[in-house]
Amino acid sequence: MSQPRIVIVGSGWAGFYLAEFLSTTLYSVTIVSPRRTSAFTPLLASAACGLFNFYLAEEPVRSKTRKCKFIKANVLGADFVSSKIHCAPAFEDDDPISNESFDLEYDYLILAPGCMPNTFNTPGVAEHALFMKNVSDAMAVRKLLFDLLEKASLPNCPMSRKQELLHVAIVGGGPTGVEITAELDDLAHKELNDLYPEVAKYLHISIYDVAPHILAAYDRKLHEYANDALLKRDIGIETNSRIEKVDAQALYIKDKGRIPYGMLLWVTGNKAVPLISGLDVRKTEKGLVRILTDSHLRVFKSTTSDEIYENVFALGDAADIDGSSLPTTAEVAVQKAKYLVNFFNSRGTPVVHSSLPFTYREKQLVSYIGSRDGIIAGRGDREGWTGRSAWLAWRSGSVMWTRSWRNRVVILLTWLVNVIFGKEIAKM
């Protein structure tokens with residue numbers, strides 16, 4: 001008897017966890033994704049700023065210990081009646097192969113395609129901004145940073161131009177934006193001062209956000225503490241900022257005019273990947289378009305009734321539970337993936353009705369704000385707190401996101417070497 005076929009769409013937090021832990025004794029598991037690696041997104045800012053090597057911030061989907069199949073392709077659509085997905089090879093530099101589409105049959109389909117950066121249709125962002133979604137993005141940030149420092153170090157570079165080149169504009173005042181700000185600021189005040197003593201002092205970081213304050217997920221006391229801490233380190237915080245357009249050298253803000261920059265990092269919000277719009281499923285009507293599921297993560301049909309596809313599941317940033325919305329975080333994605341792994345692995349032929357519904361166990365929100373300082377949100381009757389203990393909690397939590405003890409040990413050893421000898425940022 002052949003094994004039931006599980007096809008996973010996406011290699012992000014949810015998809016990778018499923019590929020790692022679904023039983024290949026019980027099932028034939030295939031993961032379809034345009035990316036052959038899975039990024040540990042909480043580690044990208046640290047890798048970009050030289051805390052450790054880039055390879056430690058991602059994991060390859062293919063592995064000699066992971067017995068699932070991998071297909072490097074984009075999923076273009078799904079036929080839920082005939083249990084097939086329509087795919088195209090994901091090789092942007094090889095058009096003939098990319099146009100040779102194919103179908104893939106499944107017995108169970110798990111949709112976890114993730115999201116893509118939301119530019120809010122702001123002119124110029126897609127062409128000129130950097131993002132922070134994968135290791136390639138982190139590499140681009142580091143390369144551009146050093147290119148800008150070298151340009152500013154040229155003997156014929158005037159002072160005004162140095163200041164423009166070394167202005168890092170970060171759009172997005174959420175945890176990702178603040179953490180990359182913190183890591184860059186730490187780097188500027190330590191290693192870059194030694195490597196570029198003539199120009200490092202001109203490096204200036206600004207955060208721009210349309211909201212009235214940064215870190216909106218935290219209570220007032222904590223986000224005000226973070227705001228004050230960043231301002232004390234001469235980091236610009238421009239809230240209530242509506243960006244109208246972007247070009248290669250400046251962003252244009254309503255009522256504030258032209259703001260020159262050397263690097264523009266866009267880390268504000270997500271939007272649905274193209275696949276979502278073409279699926280015949282129920283979706284959210286406001287905000288980020290997401291697939292709606294029941295409490296067992298089964299996908300609702302697009303009809304007005306509560307009909308579901310018994311063999312189609314969805315999770316990760318691209319999905320949400322109807323009537324019980326959860327944020328688009330790695331923690332939510334992994335907890336849902338664990339739920340499905342337990343569900344599938346506990347029986348050869350899953351019967352959803354006999355399983356308990358998914359229950360999210362909320363963990364405390366932690367953010368790094370630089371200079372070995374951090375904030376942790378309160379939970380229940382316990383108030384949040386700040387300081388070095390919060391930073392240590394964030395740092396230790398970050399390393400635990402890696403999926404192998406080997407990577408954890410290497411990261412910890414790298415941190416120890418950095419403390420003793422400093423970062424070898426120029427060699428990385």
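Predicted model: local features only at pLDDT ≥ 70, side-chain atom pairs only at ≥ 80, totals over all residues.
Let me begin with the largest nonpolar core, which has 79 residues, and in which Ile110, Leu192, Leu340 and Phe344 touch the most other members. A nonpolar core here is a set of buried Ala, Val, Leu, Ile, Met, Phe, Trp, Tyr and Cys residues joined through side-chain atoms within 4.5 Å, where buried means under 20% relative accessible area with a 1.4 Å probe, protein chains only. The largest share of this core, 10 residues, is supplied by helix α11, residues 330-345, helices being DSSP runs of H or I with at least four residues and strands runs of E with at least two, numbered from the N terminus. There is also a second, separate core of 24 residues, with Ala73, Val75, Val281 and Val312 among them.

Residues are numbered from 1 along each chain as its sequence is written, and side-chain values use heavy atoms, leaving out hydrogens and water.

Returning to Ile110, and leaving aside its neighbours within four places in sequence, this residue is in contact (heavy atoms within 4.5 Å) with residues including Ile6, Val9, Leu340 and Phe344.

Now to Ala39, which sits in strand β3, residues 37-39, and counts as buried because its relative accessibility is 14%. Gly12 is 27 residues from Ala39 in sequence, yet their C-alpha atoms are 7.0 Å apart in space. Beyond neighbours within four places, Ala39 is in contact with residues including Trp13, Asn134 and Val135.

In helix α5, the buried residues include Val135, Val141 and Leu149.

Note on methods:
Buried < 20%, exposed > 50% of the residue type's maximum accessible area, 1.4 Å probe, protein only.
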